[in-house]
Amino acid sequence: DDLKKLPEGFPVLSIRGWKDKLIAPSGIDRIFSPCKNLAWQKLSLPEAEHLTGLRDFPNEYKPAVENFLAQIIS
């Protein structure tokens with residue numbers, strides 16, 4: 001419910017590791033999907049675990065985050 005209180009078009013980059021043992025990508029989708037006010041994007045890292053994306057997959061992670069930030073700053 002708190003996410004639904006954010007302004008219309010609020011940008012979110014959801015970074016998910018498919019091997020995350022704490023929360024599955026489908027669980028993340030269940031949280032964000034009902035929030036039509038969010039402009040959310042996904043970065044899927046099939047081999048990443050919980051919070052290991054930057055460390056283990058910097059070539060995918062860094063450009064995606066840089067692109068996302070460039071979109072919201074401009």
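Residues are numbered from 1 along each chain as its sequence is written. Because the model is predicted, local features need pLDDT of at least 70 and side-chain atom pairs count only at pLDDT 80 or more, while totals for chains, interfaces and linings use all residues; side-chain values use heavy atoms, with hydrogens and water left out.

**Overall picture**

The protein has three helices and two strands, in the order β-α-β-α-α from the N terminus. Helices (H or I, at least four residues) and strands (E, at least two) are DSSP runs, numbered from the N terminus. The C-alpha atoms fill a box of roughly 35 × 30 × 15 Å along the principal axes. Of the 74 residues, 26% are buried, where buried means under 20% relative accessible area, exposed over 50%, and partly exposed in between (1.4 Å probe, protein chains only).

The predictor's confidence in each residue is its pLDDT, from 0 to 100. The mean for the protein is 96, and 100% of residues reach 70 or more.

| Helix | Residues | Mean pLDDT |
|---|---|---|
| α1 (lowest confidence) | 25-32 | 96 |
| α2 (highest confidence) | 53-56 | 98 |

**Helix α1**

Pro25, Gly27, Ile28 and Phe32 are the buried residues of α1. Seen down the helix axis, they fall within an arc of 160°, so they line one face of α1. The arc is taken from the directions from the helix axis to the C-beta atoms. The cover over these buried residues includes β1 (10-17) and β2 (38-45).

**Arg16**

Arg16 is found in strand β1 and is buried, with a relative accessible area of 2%.

Notes
Contact = heavy atoms within 4.5 Å.
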